[in-house]
Amino acid sequence: MKHCVLTTILLLLATLASAQENRRLWADGPLTWADFKSVVSPDGNSSMLHYQLGYEPAEFRDENGIKGQYCRAVAWMETGKSWVDANSRTALNLRYNQVIFDLLEVERRQMAQALAACSDAACLNAALATANANLENSIRSLRAATTDGTDSNAIITWEQSARHRLASLSEAPEVCHRLLPFSTAITLGAAYHMPGGDVADLFSAGGGMHFGAEVGWNRHVVTMDVILAGSKLREFMNFSDDNGMHQFNPGYNSTVGAGVFSYGYRIVETARFSLTPMAGWSWGDRIFSDGDSRGGISTNGVALGLAYRHHFWQRYRLPGSAWALLGPHGSEISRWSVDARIFLIHNSYPFENAKVSGWALQFSLGITLGGRATRMETR
């Protein structure tokens with residue numbers, strides 16, 4: 001059984017290698033009769049150049065080393081299927097086949113430009129169908145104008161036309177993504193809330209979870225950060241509700257749920273990291289409980305913060321992403337990042353006879369999934 005599997009693998013590799021050997025690219029240089037390796041076809045033609053025209057996925061890297069993918073136009077002569085009659089190995093017939101090969105390269109280059117404008121598979125296939133139809137029409141016109149490659153003057157005219165068209169088209173258009181202003185991100189991670197001032201006399205510090213959402217326009221960002229953290233009561237606290245008066249003793253559980261809505265500006269932004277000071281407004285609740293007894297107090301105040309984000313994975317997505325709504329070339333750069341931020345938050349808790357206030361420090365560390373709109377272009 002192992003021998004059968006090994007034999008199958010070796011045959012497959014040999015087949016793939018043979019297929020690659022039978023590919024003759026236009027960039028390999030002018031044709032020779034040695035490129036026509038098949039036996040003569042019985043259809044009566046003097047020669048036949050078999051070719052393939054299509055597209056395949058390919059990768060690129062921008063100047064920052066960030067990867068991306070696009071669809072590359074490909075074309076080649078299939079030497080193993082191309083043939084020539086022994087009596088037709090003339091210089092004129094070779095020039096005629098070279099014109100066909102040149103026309104194939106013209107359509108490949110034109111299709112490469114068309115593929116860059118595609119945002120879905122239907123567009124890619126339509127561009128391929130158009131290229132094949134144009135090529136077939138060109139070859140049909142070539143055959144008629146040159147009387148199947150026997151009119152030398154007509155062949156000269158077609159040679160010059162094909163070379164002129166090739167000179168006007170780039171061999172391999174450079175793919176690039178231009179950054180657009182709009183970006184989004186969501187963050188999930190851990191948080192640590194440490195009260196200060198008089199509030200620290202009432203509640204201990206504690207850890208919990210952090211969730212963040214962000215939208216940006218160029219370097220301007222608007223963020224919403226929410227944390228849920230646990231702590232302990234440090235003082236006796238009385239609370240009354242419909243069931244009467246309750247007393248909460250030191251050591252009872254306390255939970256802080258806080259949100260910060262802020263505006264930030266990325267004072268530093270590179271392809272790998274950003275640094276963003278923020279200012280906004282915070283609000284939240286302190287919930288403390290003992291069995292079925294629950295109490296709570298609310299607070300709100302100014303919040304000042306600083307966020308650092310490091311992108312550890314980035315990749316350009318093909319057109320057809322969510323940013324396609326920005327136009328036919330709409331795409332995006334997707335990012336996974338480590339996000340660290342710190343807020344200084346003013347807390348003020350009103351009681352019946354007093355107001356307890358102070359500044360709290362709020363730390364968070366999380367993983368961010370984000371994206372920025374781009375426009376795919378060729379140059």
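Modeller: A crossing of two helices is called right-handed if the near helix is turned clockwise from the far one by less than a right angle. The structure above is a predicted model, and the crossing of helices α2 and α3 in it is right-handed.

Colleague: At what angle do α2 and α3 pack, and how far apart are their axes?

Modeller: Helix α2 (residues 91-115) and helix α3 (residues 121-146) pack at about 155 degrees, with axes 9 Å apart. Angles over 145 degrees count as roughly antiparallel; α2 and α3 are therefore roughly antiparallel to each other.

Colleague: Which residues of α2 meet α3?

Modeller: In general, an α-helix has 3.6 residues a turn, so residues three or four places apart point the same way. Here, the residues of α2 that meet α3 include Tyr96, Val99, Ile100, Leu103, Leu104 and Glu107. Among their counterparts in α3 are Leu124, Ala127, Leu128, Ala131 and Leu135.

Colleague: Is α2 mostly covered or mostly uncovered?

Modeller: Helix α2 is mostly covered, with 19 of its 25 residues buried. From first C-alpha to last, α2 reaches 36 Å, close to the 36 Å expected at 1.5 Å a residue.

Colleague: What does Thr223 touch beyond its neighbours within four places in sequence?

Modeller: Its contacts include Ala213, Glu214, Val260, Phe261, Met278 and Arg341. Ser262 is also in contact with Thr223, and a polar contact of 2.5 Å joins the side chains of these two residues. Tyr263 lies 40 residues from Thr223 in sequence, yet their C-alpha atoms are 6.4 Å apart.

Key
Residues numbered from 1 in each chain as written. Predicted model: local features only at pLDDT ≥ 70, side-chain atom pairs only at ≥ 80, totals over all residues. Heavy atoms only, no water. Helix = DSSP H or I, 4+ residues; strand = E, 2+ residues; numbered from the N terminus. Expected span 1.5 Å × (residues − 1). Buried < 20%, exposed > 50% of the residue type's maximum accessible area, 1.4 Å probe, protein only. Contact = heavy atoms within 4.5 Å. Polar contact = N/O pair within 3.5 Å; in protein donor to acceptor, adjacent residues only side chain to side chain. Axes fitted to C-alpha atoms, helices over the stretch in contact; angles between N-to-C directions. Parallel < 35°, antiparallel > 145°, perpendicular 65-115°, else oblique.
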